[in-house]
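Here is a friendly walk through a protein model, for reading with the structure open beside you.

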Amino acid sequence: MKIYDRSGFPNPARIRIVLAEKGLDSQVEFVPVDLIGAEHKQDAFLAINPSGVIPVLELEDGTVISEATAITEYLDNLDGNPTLTGKSPKEKALVHMMQRRAEAFVLDPVGIYFHFGTSGLGPALQAFKSPQWEGRKEWAERNRAAVEEGFRYFNKILGASDFVAGDSFSMADITLFAGLAFGDAAGLHAPAELGNLQAWRARVAELPSVKNRSGQAFLPEDAKRLGF
């Protein structure tokens, strides 16, 4: 299998955690895609994934699977023992519902704020983010507010359960965890007073598949370009 991604970035992190959780790292060839240089918006990559985003999974038979949720479903079910996407119909429904909320309430609006309210990853990618649009600032601020509301929502959820979709670590937790990390990078930090959210984050950070996953650091060339 091949996975097109980039070390150090939030959506690739979601799949790296899945791979670690399922013990599949050794079965994957990682193909780096230059996000800062907007490689994922060029024709060669768009031929692989017309959505122009990473990660992307390519199977040995040539099948291409994009979208982190779909990739997670595939990887989680390879061994016939899905631990991240639910076993029963009810579990599957709850995991998918809550993971979508983690995207819609946190990860997606963080991304919008990052790309439209800041300089993002720099000029090469900004060219694909409507740089002349007069509504950029207002759109970014609306999404900042959405992220703050999302933090409060998940703080409430995590006051009633150990994990986002119930009693077990799942794809929904991975998505929210990545969203919080992306928020930090964008300057949108979850407030310390959201104790349930902060305690959950600390616990998830110590899980072996999260703490020891591959691809945590930026590639040296990316760190240099980002000023780290």
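## Two exposed residues

Let's start with A47, which sits in the loop between α2 and β3 (56-58). This is a predicted model, and in it A47 has a relative accessibility of 67%. The cut-off for exposed is over 50%, so A47 counts as exposed.

K156 belongs to helix α6. Its relative accessibility is 66%, so K156 counts as exposed too. Looking from K156 to A190, 34 residues apart along the chain, you will find their C-alpha atoms separated by 13 Å.

## A histidine in helix α4

Is H115 buried or exposed? This residue lies in helix α4, and its relative accessibility comes to 14%. Buried means under 20%, so H115 counts as buried. Leaving aside residues up to four places away in sequence, H115 touches L125, Q126, K129 and R136.

## Backbone details in the loops

Which peptide bond is cis, with omega near 5°? That is the bond from I54 to P55. P55 is found in the loop between α2 and β3, and A47 lies in that loop as well.

For A38, phi is near 60°. A38 is in the loop between β2 (29-32) and α2, and it counts as buried because its relative accessibility is 1%. For S130, phi is near 50°. S130 has its place in the loop between α5 (123-126) and α6; at 40% relative accessibility, it counts as partly exposed.

## Aromatic pairs

A pair of aromatic rings is described by the distance of the centres and the angle of the planes. How many aromatic pairs does a search of the whole structure find? The search gives 10.

F105 and F154 form a tilted pair, at 6.3 Å centre to centre and with 55° between the planes. Here too the pair links distant parts of the chain: F105 comes from helix α4 (residues 89-117) and F154 from helix α6 (residues 136-157), 49 residues apart. The two rings also fall into separate accessibility classes. F154 has a relative accessible area of 0% and is therefore buried, whereas F105, with 32%, is partly exposed.

Two arginines are placed over aromatic faces. R16 lies over the face of F30, at 3.6 Å from the ring centre. R203 lies over the face of F163, at 5.3 Å from the ring centre.

## The largest pocket

Rolling a probe the size of a water molecule over the atoms shows where empty space is left. The largest pocket has a volume of about 1,100 Å³. Of its 45 lining residues, those closest to the centre are P10, N11, P12, L107 and F182. Elements that give two or more residues to this lining are α1 (10-22), α3 (68-77), α4, α7 (171-186) and α9 (208-211).

Which element gives the most to the lining of the largest pocket? The answer is α4, with 9 residues. By residue type, the lining of the largest pocket consists of 27 nonpolar, 9 polar and 9 charged residues.

## The second largest pocket

The second largest pocket holds about 250 Å³ of space. It is lined by 15 residues, and G86, E91, V95, A165 and S168 are the closest to its centre. The lining of the second largest pocket divides into 6 nonpolar, 6 polar and 3 charged residues.

Definitions and conventions
Residues numbered from 1 in each chain as written. Predicted model: local features only at pLDDT ≥ 70, side-chain atom pairs only at ≥ 80, totals over all residues. Heavy atoms only, no water. Phe/Tyr/Trp six-rings, centres within 6.5 Å; stacked < 30°, edge-to-face > 60°. Helix = DSSP H or I, 4+ residues; strand = E, 2+ residues; numbered from the N terminus. Buried < 20%, exposed > 50% of the residue type's maximum accessible area, 1.4 Å probe, protein only. Lys NZ or Arg CZ within 6 Å of the ring centre and 35° of its normal. 1 Å grid on protein atoms, 1.4 Å probe; cavity = no way out; pocket = protein on both sides within 12 Å on 5 of 7 lines; lining within 4 Å. Points joined across faces, edges and corners; volume = space filled by probe spheres on them. Nonpolar A, V, L, I, M, F, W, Y, C, P; charged D, E, K, R; others polar. Contact = heavy atoms within 4.5 Å.
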